[in-house]
Amino acid sequence: MNIDLNLQGVPMREKLEAAVLTLAGHDSWVDQLIEHTHKRSDKLKLFKVDLQSEILLSGDPQTYTYGNMDYPNPEILQRIHFLLDRFDVLLLPVSNASLVWNRVLLAHTQCQLNRPLIALSIDINPIAFIDLKELGLKDFVSAPMDTDELRVRLLSAKDSIRLKA
């Protein structure tokens, strides 16, 4: 039996679109990531979704306060799922400052999203992602991020969700 492993005729996905779910404390880091990614690849497009924007928060005066920080209502992802469904993958920056809110957010979301959720680690120990994965996080990527590695991980996460359906 002869198996042809020549993949030259197999089309690769042209573009992958991901929403980066940001908080105010992540703005500069996320902006740099988006700029860096778009300079290095036209096959991966990142779109910033500010979870604290007035448009997304309108009609929901509730916030989650931890320490001296106010965060959006942990049910925000459920409220904006219609917006998030246009993306292939969702990226969630996680830092030491946002870790508690990220846990609460995932506990409220609990696999109700139609898209895989990947964490972008901002100076955080990988051990912190064990419980986040149990709460529905698909994977995580640590900085510094290689654009090609990020794209491959996002494609893998997207394909694994599609295969379950």
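The legends below describe close-up views of aromatic rings in a predicted model. Residues are numbered from 1 along each chain as its sequence is written, and side-chain values use heavy atoms, with hydrogens and water left out. Because the model is predicted, local features need pLDDT of at least 70 and side-chain atom pairs count only at pLDDT 80 or more, while totals for chains, interfaces and linings use all residues.

**View 1. The tilted pair of Phe-47 and Phe-87.** Rings of Phe, Tyr and Trp (its six-membered ring) pair if their centres lie within 6.5 Å, and planes under 30 degrees apart count as stacked, over 60 as edge-to-face and the rest as tilted; by this rule there are three aromatic pairs. The centres of Phe-47 and Phe-87 are 5.8 Å apart and their planes are at 45°, so this pair is tilted. Phe-47 belongs to strand β2 (residues 44–50), whereas Phe-87 lies in the loop between α4 (81–84) and β5 (89–95), 40 residues apart; helices (H or I, at least four residues) and strands (E, at least two) are DSSP runs, numbered from the N terminus.

**View 2. Arg-86 over the face of Phe-47 and of Phe-87.** A charge sits over a ring if NZ of Lys or CZ of Arg is within 6 Å of the ring centre and within 35 degrees of the ring normal. Arg-86 is at 5.3 Å from the ring centre of Phe-47 and at 4.7 Å from that of Phe-87.

**View 3. The stacked pair of Tyr-71 and Trp-101.** With centres 5.7 Å apart and planes at 15°, the rings of Tyr-71 and Trp-101 are stacked. Tyr-71 lies in strand β4 (residues 69–72) and Trp-101 in helix α5 (residues 99–109), so the pair ties together parts 30 residues apart in sequence.
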